[in-house]
Amino acid sequence: MAATVAEVMVSILKASGVRQVYGIPGDSLNGFTDAMRRDGDIAWQHVRHEEAAAFAAAGEAALTGELAVCAGSCGPGNLHLINGLFDANRSRVPVLAVAAHIPRVEIGDTYFQETHPQELFRECSVYCELVSVPEQLPRVLEIAMRTALQRRGVAVVVVPGEVFLDPAPDGYKPVPVRVAPSIVRPDDGSLAAVATVLNDASRVTILAGAGCAGAHDQLIALASALKAPVVHAFRGKEFVEYDNPYDVGMTGLIGFSSGYRAMEHCDSLVMLGTDFPYRDFFPEGVPVVQVDVRGEQIGRRVAVEYPLVGTVKDTVDALLPMLTVKTDTAHLDTMTAHYRRARARLDKLAVDKRNASPLHPQYVAATIDKLAAPDAVFTADVGSPCIWAARYLHMNGTRRLIGSFNHGSMANALPHAIGAQAAAPGRQVVALSGDGGLAMLLGELITLRQQHLPVKVVVFNNGALAFVELEMKAAGIVTYGTDLDNPDFAAIATAAGLFGARVEKAEDLEPALRAAFAHDGAALVDVHTARLELSLPPKLTYGQIKGFTLYATRTVLAGEGNELVELAKTNLREVAAE
Ligand SMILES: Cc1ncc(C[n+]2csc(CCOP(=O)(O)OP(=O)(O)O)c2C)c(N)n1
Ligand SMILES: [Mg+2]
C-alpha cells in the first residue's frame, strides 16, 4: 500500500532528528497524529492549551538550536498556537507548526471552524504555505523546515485534514533537513574601515546580545584589545555575562545604571549581535559599528555608519588582527568600578533580613541561583520574574536562561520549561513564574504530570500584576485592575499530583526549594513575595511623566536610587529642556 502524506511527513521529521511534537489532536489533525501513533518513534507531547505547545516548541528550539515542532487542529486549534509562535519567531528559534485545515472543498464558504491560517500566521512566520494538493507535500515540508532552520524562525505548513490521508507521491526518500554550517563575515574593506575608527577611539563600549552565542572567546578577545566595557541586552545575558572581566551589566528598562552609563560615556559603540530595541538608551553623536548576520537588522535603532554583515564569531575573528591593542584602561576602569558598586548594592538587597514575610523577591531569586544545578535551565515569566532572573541568576556558559525576551508575553515560563524539559529529560529545569503568569496557563501543571516532566516551578506570588503596577506608578497613573486574589497554588499542585510547598517565611524557603529540587518529579513552590513599591514625586507635568517613566523605571528597578541620582538628573534636565 502506498504511504500516506502524513506517513511521509512523519518520516521526514524523523530523518531530520525531530523527537517530539507538542499539541492537541482534533478531527482535521487526526490523520497526522494517527501516522505518529503507528510509527511510534516520535513522542506526542500532549499539552492542555495549544499556546503552550507553541511556547514549548520555542523552549525546545532555544535550548537545542534545532527544529522543534508543534501542531494544532483546524480553526481554533491552530489559532491557539499563535501567541507562542510569535514568541518563537521573534526569538528567532526554528519551529515548525503543522496547522490542520478544514476540507479543501469547503474553503471559502464560511464552513464550521473556517479561518485562513496562511493569512493569520503570515506575520509570525518566515514561511507559511497552504498545501492544496498532496503532490506538494514532501517538498513544501522540506522547504518549510529548511527555511525555519536557515532563517531562524517559524514555518507553518497548512494542511487540509483529508490531505493527510491521501497517498503520497511514489518513490520519495526523505533527506535530513539540518542547518548547513557556514562562515559569514564582512569583506576586508569594511573591516579595515572599522579598524581605523576603533584604533582612533579612546572610549569604546561594546553592546552585546544573543548573537554572541558561541562567540564568548571572540567577545572577550575584542573587549580585551579595545579595553572596552561590555554592556548586554537581556537575551545576551546567558552568553555574555559569565567569565567576563569586562562585564558592566545590562542596559534597558530593567537594566543597571552601570550599563546605561557605559553606553552614555563612550566615544564609539560596537554592537555585537543585538537588536536591543530602546532608542533612548543609545549614545548620541558617536560612530556606531554594528555586527549582525542579518544585514537588514542593522541601523534600526540608531544611525550606523559602519555596518558589518556577519556572525559575531567570524567577524571578530577577522577584525582582531587589524586592531591595535589599547593600553589605556581609564574608560574600562571607571565603568567596571561603577558596575561593582551597582552590583554590591543589588547583592545587599538579596540577603534575608529579619526573616522577612512576605519574602523579598531578590532573596528568592538569589536562593534559587544558589541551590540550582550548575547546568540548570531557567525560564522566567515576563513581569517582575524577569527582573530577578536578570539580576540574580548566575550564568556559567552551561546554564541556560530562556524567556519571552523579544515578544514579551506573559505565561511563557511554564510552557518554555515544558519544551526544555522534554528536550533534555535529565537536566534540571526551573521555571520562575509570576502568579499572574502561572494562572494564565495553569492547566499546564497537568501537562507536567501527564508527560512526566520533572519541571520545578517557583511562583513569585505577590498577589498582583506587580510589573504593571510599577509601570502605572512610574507613569503617575493610579494602579487599577492589578490585584490578584489567588488560590493556594501549592494545594493546586498537590491536587494535580505534583510535589507542592507553600513558603510564607524566609526561613522556610531553602528547605522547600531543596525538597522540590530533590523531588523525583514535577514540583511547585509557591512563595509569598512582597509587592514592589515605588514612591512618586508629588506633582508631574505630562512632559515630566514622559521622562520620569524612563527615570523611575530604571531607578526603582535598581532597587535603590542613590546610584542613579545623577542619571535621574540627566533625564529630568532633558525633560526640562523640552
Ligand atoms: C499576554 C500578556 N498580557 C499582558 C501583558 C502585560 N503585562 C506585562 S507584565 C504583566 C504582569 C505579570 O504579572 P505576574 O505574572 O504576576 O508577575 P509580577 O510582575 O507580578 O511579578 C502584565 C499584565 C503581557 N506582557 N502579556
Ligand atoms: Mg504577580
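Ala, Val, Leu, Ile, Met, Phe, Trp, Tyr, Cys and Pro count as nonpolar, Asp, Glu, Lys and Arg as charged, and the others, Gly among them, as polar. Keep that in mind for the exercises below, which work through a predicted model.

**Exercise 1. The shell around ligand 1**

Find out how many residues surround ligand 1, and of which classes they are.

*Solution.* Start with the count: 17 residues surround ligand 1, and the closest are Ser-384, Asp-435, Gly-436, Ala-464 and Ala-466. Next, sort the shell by class, which gives eight nonpolar, eight polar and one charged residues.

Now look at the polar contacts. An N or O atom in the side chain of Ser-384 lies 2.4 Å from an oxygen atom of ligand 1. The backbone takes part too: a polar backbone atom of Gly-437 is 2.8 Å from a ligand oxygen, and for a backbone N or O atom of Phe-467 the distance is 2.9 Å. Of the 580 Å² of accessible area that ligand 1 has on its own, the protein covers 78%. Finally, helices H15 (384-392), H17 (435-440) and H19 (466-474) are the elements that give two or more residues to this shell.

**Exercise 2. Aromatic pairs**

Describe the pairs Phe-32 with Phe-164 and Phe-276 with Phe-281.

*Solution.* The whole structure holds eight aromatic pairs. In the pair of Phe-32 and Phe-164, the centres are 5.7 Å apart with 40° between the planes, and the pair is tilted. Phe-32 lies in helix H2 (residues 30-39) and Phe-164 in the loop between strand S6 (154-160) and helix H8 (188-200), so the pair ties together parts 132 residues apart in sequence. Phe-32 is buried at 0% relative accessibility, and Phe-164 is buried at 0% as well.

For Phe-276 and Phe-281, the centres are 6.0 Å apart and the planes stand at 90°, so this pair is edge-to-face.

How values were computed: Residues are numbered from 1 along each chain as its sequence is written. Chains are lettered from A and ligands numbered from 1 in the order in which they are written. This is a predicted model: local features need pLDDT of at least 70, side-chain atom pairs count only at pLDDT 80 or more; totals for chains, interfaces and linings use all residues. Side-chain values use heavy atoms; hydrogens and water are left out. A residue is near a molecule or strand if one of its heavy atoms lies within 4 Å of it. A polar contact is a pair of N or O atoms within 3.5 Å; within protein, one must be able to donate a hydrogen and the other to accept it, and residues adjacent in sequence count only if both atoms are side-chain atoms. Accessible areas come from the Shrake-Rupley method with a 1.4 Å probe; for residues, only the protein chains shown count as cover. Helices (H or I, at least four residues) and strands (E, at least two) are DSSP runs, numbered from the N terminus. Rings of Phe, Tyr and Trp (its six-membered ring) pair if their centres lie within 6.5 Å; planes under 30 degrees apart count as stacked, over 60 as edge-to-face and the rest as tilted. Buried means under 20% relative accessible area, exposed over 50%, partly exposed in between (1.4 Å probe, protein chains only).
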